Amino acid sequence: MSELPTISKELSKEKRYKAACAQAFALCNGEPNFIAKAGNVMALLKENFDFLWVGIYIVNNNALNLFVFQGPVACTQIAHGKGVCGTSWANGASIIVPNVDEFPGHIACSSASKSEIVVPIIKGNEVIGVLDVDSENLDFFDEDDLTGLEEIANILANEVF
Ligand code: SME
């Protein structure tokens with residue numbers, strides 16, 4: 001694999017996500033190891049978007065386990081229905097949290113995190129994990145992030161896991 005071009009921040013967020021999805025496919029192409037692929041997709045997102053933290057929690061033994069991520073150290077286990085991640089897992093639905101202090105039961109891994117988006121990774125009909133992204137800014141995530149990150153979660157479900 002050769003180095004991937006940086007995605008221009010001059011582009012609209014929608015176009016940046018389209019480019020990121022194309023690069024995510026390219027990163028997965030021909031690579032058999034799911035840890036290598038997942039790690040590269042997280043690096044791709046961290047390098048090209050202004051995220052504080054981006055990572056994957058995977059369902060393991062009836063809990064969410066921290067998997068590959070980029071950013072500050074994070075909590076390693078999240079129970080079903082707990083926090084934003086456990087709620088997204090339980091509901092099988094994405095959640096945008098404009099202000100983490102206002103989400104009941106939010107699990108604070110980094111005091112720098114102010115807003116968050118969590119998207120379930122669904123394979124077949126089963127939630128196999130969640131894609132979690134944190135920002136240092138309040139109200140950072142919008143519908144473009146939702147659409148773009150749900151597409152990334154699809155790529156994770158189909159090309160990585
Ligand atoms: N805030 C998350 C925990 C994971 S960290 O943000 C990396 C939650 O409430 O589930």
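Start inside the protein: the lining of the largest cavity has 13 nonpolar, four polar and three charged residues. This is a predicted model, so read what follows as a description of that prediction.

**Stop 1: the cavity**

Stay with the cavity. The structure holds one of 30 Å³ or more. About 180 Å³ of space lies in the largest cavity. Select Ile 107, Cys 109, Glu 116, Asp 132 and Asp 134; of the 20 lining residues, these are the closest to the centre. Next, colour strand 1, helix 3 (83–91) and strand 6. Each supplies at least two residues of the cavity lining. Helix 3 gives the largest share, three residues.

**Stop 2**

Six of them form an open sheet in the order 3-2-1-6-5-4, with antiparallel pairing. Find the edges at strand 3 (77–79) and strand 4 (95–97), each of which pairs on one side only. Look along the sheet for its twist, which averages 25° from one strand to the next.

Select strand 5 (residues 115–123) and strand 6 (residues 126–135). Nine bridges join this antiparallel pair. Click Pro 120, then its bridge partner in strand 6, Val 130.

Move to strand 1 and strand 2. They pair in the antiparallel sense over six bridges. Pick Tyr 57 and look across to Leu 66, its bridge partner in strand 2. The hairpin of these strands has two residues between them, and here Asn 61 takes a positive phi near 50°.

Go on to strand 3. Strand 2 pairs with strand 3 over three bridges, again in the antiparallel sense. Ala 63 has Ala 79 as its bridge partner in strand 3. In this hairpin, six residues lie between the strands. Select Gly 71 there: its phi is positive, near 130°.

**Stop 3**

Helix 4 lies across strand 1, strand 4, strand 5 and strand 6. Against strand 5, helix 4 runs at about 35°.

**Stop 4: helix against helix**

Select helix 1 (residues 13–28) together with helix 4 (residues 143–160). They pack at an angle of about 10°, with their axes 9 Å apart. Helix 1 and helix 4 are therefore roughly parallel to each other.

Show side chains at the contact. From helix 1, pick Lys 13, Glu 14, Tyr 17, Ala 20, Cys 21, Ala 24, Phe 25 and Cys 28. Facing them in helix 4 are Asp 144, Asp 145, Gly 148, Leu 149, Glu 151, Ile 152, Ile 155, Glu 159 and Val 160. The contact residues divide into ten nonpolar, one polar and six charged.

**Stop 5: the largest pocket**

Finish at the largest pocket, with a volume of about 240 Å³. Twelve residues line this pocket. Select Leu 4, Gln 23, Leu 44, Glu 47 and Asn 48, which lie nearest its centre. Helix 1 and helix 2 (34–48) are the elements that give two or more residues to the lining. Helix 2 contributes the largest share, five residues. Colour the pocket lining by class: six residues are nonpolar, four polar and two charged.

Terms used:
Residues numbered from 1 in each chain as written. Predicted model: local features only at pLDDT ≥ 70, side-chain atom pairs only at ≥ 80, totals over all residues. Heavy atoms only, no water. Axes fitted to C-alpha atoms, helices over the stretch in contact; angles between N-to-C directions. Helix = DSSP H or I, 4+ residues; strand = E, 2+ residues; numbered from the N terminus. Parallel < 35°, antiparallel > 145°, perpendicular 65-115°, else oblique. Contact = heavy atoms within 4.5 Å. Nonpolar A, V, L, I, M, F, W, Y, C, P; charged D, E, K, R; others polar. 1 Å grid on protein atoms, 1.4 Å probe; cavity = no way out; pocket = protein on both sides within 12 Å on 5 of 7 lines; lining within 4 Å. Points joined across faces, edges and corners; volume = space filled by probe spheres on them. Pairing = 2+ DSSP bridges.
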